[in-house]
Amino acid sequence: MSASVPEVAAATTAALEVRELHTYFFTAAGVIKALNGVSLRLDPGRMLGLVGESGAGKTTLAHSIMRVVPPPGRVVKGETKLYGRDLQQLRESELRQVRGKEIAMIVPNPRAELNPLLTIGEQLANVARAHLRLEKRAARERAVEILSHVKIPDPKRRANAYPHELSGGMAQRVVIAMAMIGEPKMTISDDATSGLDVTVQAQVLDLTLSLLHERGSASLMITRDLGIVANYCDHVAVLYRGCLLEAADVRSFFADPQHPYSVELLSAFSYGRPSGAAVIPTIPYDAEELELREVAPGHSVRDVG
Amino acid sequence: MSADPSGASAPVIRVEGLVKHFPIAHSRAFVAAVNGVSFEIARGETLGLVGESGSGKTTVARCIMNLESSTAGKIVFEGREISGVPAKEARLLRRQVQLVFQEPFDSLNPRMPVRSIVAEPLQVRKVEKQERRRRVGELLDLVHLPASVLDLYPHEISGGLQQRVGIARAIATNPSLLVLDEPTSALDPRARRQIIDLLVELQAELGMSYLFITHDLNTLRHISHRIAVMYLGLIVEEGPTAAIFEEQRHPYTRALLSSVLYPNPETRRARFELRGEIPSPIDLPLGCYLASRCPLVMDECRAAIPPLVTVGDGRTSACIRHELVPTAAEAGTASV
């Protein structure tokens with residue numbers, strides 16, 4: 001992501017390019033503009049941290065990219081290009097070929113994600129057969145292989161385990177394995193490690209990062225935890241009420257956060273400093289009307305109203 | 001282990017050799033959730049109880065709250081033993097010990113407005129209506145909630161405000177001990193920070209003691225005076241917060257702290273990793289529970305559970321090789 005502004009010319013094809021994305025929810029009580037013109041760019045081999053608080057629109061952005069926004073929500077405008085191909089223009093049948101194979105999403109709450117009636121080996125093999133068109137036996141071998149890749153101890157035996165027999169950390173690693181088995185070029189991780197213990201979280205993130213480097217794939221890391229962003233991401237984008245307020249490379253962001261909201265978010269993690277609850281100006285709901293300016297190479301900030 | 005037992009500065013609570021085993025149906029086996037935990041909390045002090053899932057920290061809290069009966073051990077609150085007292089007496093004691101929950105929304109009655117939620121403990125104590133009204137106003141001030149929320153229902157306010165209501169309710173009866181079980185884990189970072197600041201302020205104002213249970217070390221660092229680290233139902237290391245952050249004397253504590261992600265890209269962590277998975281609490285090993293995962297393990301570790309020994313000023317560790325635990329000064333953490 002050289003910058004989040006769309007007019008920057010792309011030298012290489014971006015892994016993910018989101019342009020002017022608008023997703024609205026048409027509820028009985030009125031239209032809720034969950035995403036209000038979000039643009040961002042992520043290059044292959046990079047990890048972008050998308051931060052924001054509950055209700056900022058982080059998950060809606062992930063859903064919009066994958067085109068799985070639940071009704072009454074709908075993408076009303078904008079492009080989400082995966083290696084140059086706009087997913088918003090694809091037919092449902094084409095999309096099924098893309099999801100899981102080219103782009104995969106890792107969600108929190110792994111137990112809800114796994115089928116309780118199938119062993120994890122069977123579930124992984126099913127994905128391998130669907131996406132890699134492997135024979136039954138080869139798919140099974142691939143499943144065991146990917147389990148060892150995500151550092152599940154004794155993968156051959158564990159492949160026969162049912163989800164309820166796994167600890168939370170192991171179940172989360174199985175969900176990651178499931179996302180990885182189709183060898184996607186892009187993964188979206190939606191707060192996927194927040195429920196894990198710190199030691200397991202560190203292991204899972206290390207794993208995600210090494211897979212990214214191995215395969216040159218890209219990753220959108222949705223999180224509320226700036227510690228994850230600082231330690232694992234290359235770039236960061238701050239989302240607030242459906243609008244990007246700041247986008248920068250990680251070093252520049254942590255060294256010199258520009259938007260008052262970003263400063264406030266950072267201070268929430270740094271107990272040495274006062275929490276500055278009083279200094280944050282009210283950010284208007286229509287922040288998208290304010291200009292997003294580039295203040296340094298690769299560092300854009302929205303004006304304060 | 002800091003307060004002196006003579007009585008001059010008697011601890012608010014003293015837990016001695018607490019054991020809690022849960023029987024497993026149709027089997028002689030049991031889940032060994034807590035395996036002999038001892039600690040004290042002085043007046044106005046915060047003890048941070050940290051550990052990962054399955055470490056037994058919440059079970060300790062539930063035993064203190066009398067929500068579980070302990071299998072063995074003593075819980076002495078304000079000089080009186082409260083483990084195994086009759087239900088009626090236990091209820092009286094409970095006014096003095098209050099609990100704040102992890103999920104603020106789930107812990108508030110969705111069909112009551114804030115006013116009634118905060119007033120409920122007072123009503124149970126048969127406080128008069130006039131006095132109740134006055135006290136509710138006072139409590140709202142203490143937790144910095146505007147009077148405008150009084151007639152709102154829990155779903156109408158944010159998670160941070162909900163947790164303020166939960167705290168107001170908990171302190172309504174002037175407890176001397178608050179048990180806080182992951183009170184900020186469900187909150188957004190800014191709300192979390194504000195709740196922590198509020199708790200620090202309330203402690204200074206009201207002199208309450210806190211038992212703060214969490215797996216979030218970054219938060220614990222700010223709020224607790226002392227930290228006790230739990231692993232598989234045992235305290236493996238205890239000491240003053242700053243000392244523990246500075247230097248760990250148990251491999252498990254070292255592993256925990258080396259996994260903390262500081263919001264600073266210039267920090268390079270010296271990782272200290274444990275192998276494999278946590279053993280099952282149904283089938284605990286003979287010696288040190290960490291032996292199967294510990295990089296410092298030697299034969300003696302598997303012989304018997306190592307006792308907590310004093311390893312420094314107000315510090316204890318349950319590792320026979322505590323002197324070998326590496327201390328990697330975490331570069332950049334000073335500024336965090």
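Strand 6 and strand 7 (residues 177-181) of chain B run parallel, joined by 4 bridges. Strands here are DSSP runs of E, at least two residues long, and helices are runs of H or I, at least four residues long, both numbered from the N terminus. One bridge pairs V100(B) with L180(B) in strand 7 of chain B. The model is predicted: local features need pLDDT of at least 70, side-chain atom pairs count only at pLDDT 80 or more, and totals for chains, interfaces and linings use all residues. Residues are numbered from 1 along each chain as its sequence is written, while chains are lettered from A and ligands numbered from 1 in the order in which they are written.

Step back to the sheet. In chain B, 8 strands form an open sheet with mixed pairing, in the order 6-7-8-3-9-10-12-11. Two strands pair if DSSP finds at least two bridges between them. Strand 6 (97-100) and strand 11 (309-312) of chain B are the edges, each pairing on one side only. From one strand to the next, the twist averages 25°. Helix 5 (residues 159-171) of chain B packs on the sheet and touches strand 6 and strand 7 of chain B. The direction of helix 5 makes about 170° with that of strand 6 of chain B. Such angles run from 0 to 180 degrees between N-to-C directions, with axes fitted to C-alpha atoms, for helices over the stretch in contact. Contact means that the C-beta atoms of two residues, placed from the backbone, lie within 7 Å.

Now look at strand 10 (residues 234-240) of chain B, where G239(B) sits. Is G239(B) buried or exposed? G239(B) counts as buried because it has 28 C-beta neighbours inside 10 Å. The cut-off for buried is 20 or more other C-beta atoms within 10 Å; 12 or fewer makes a residue exposed, and those in between are partly exposed, with C-beta atoms placed from the backbone. Beyond four places in sequence, G239(B) contacts R226(B), I227(B), I244(B), G314(B), R315(B) and T316(B). The C-alpha atoms of G239(B) and R249(B) are 9.8 Å apart.

Finally, the two chains meet. Here 26 residues of chain B contact 30 residues of chain A. Helix 6 (189-206), helix 7 (217-223) and helix 9 (251-258) of chain B each supply at least two residues to the chain B side. Helix 6 of chain B gives the largest share, 6 residues.
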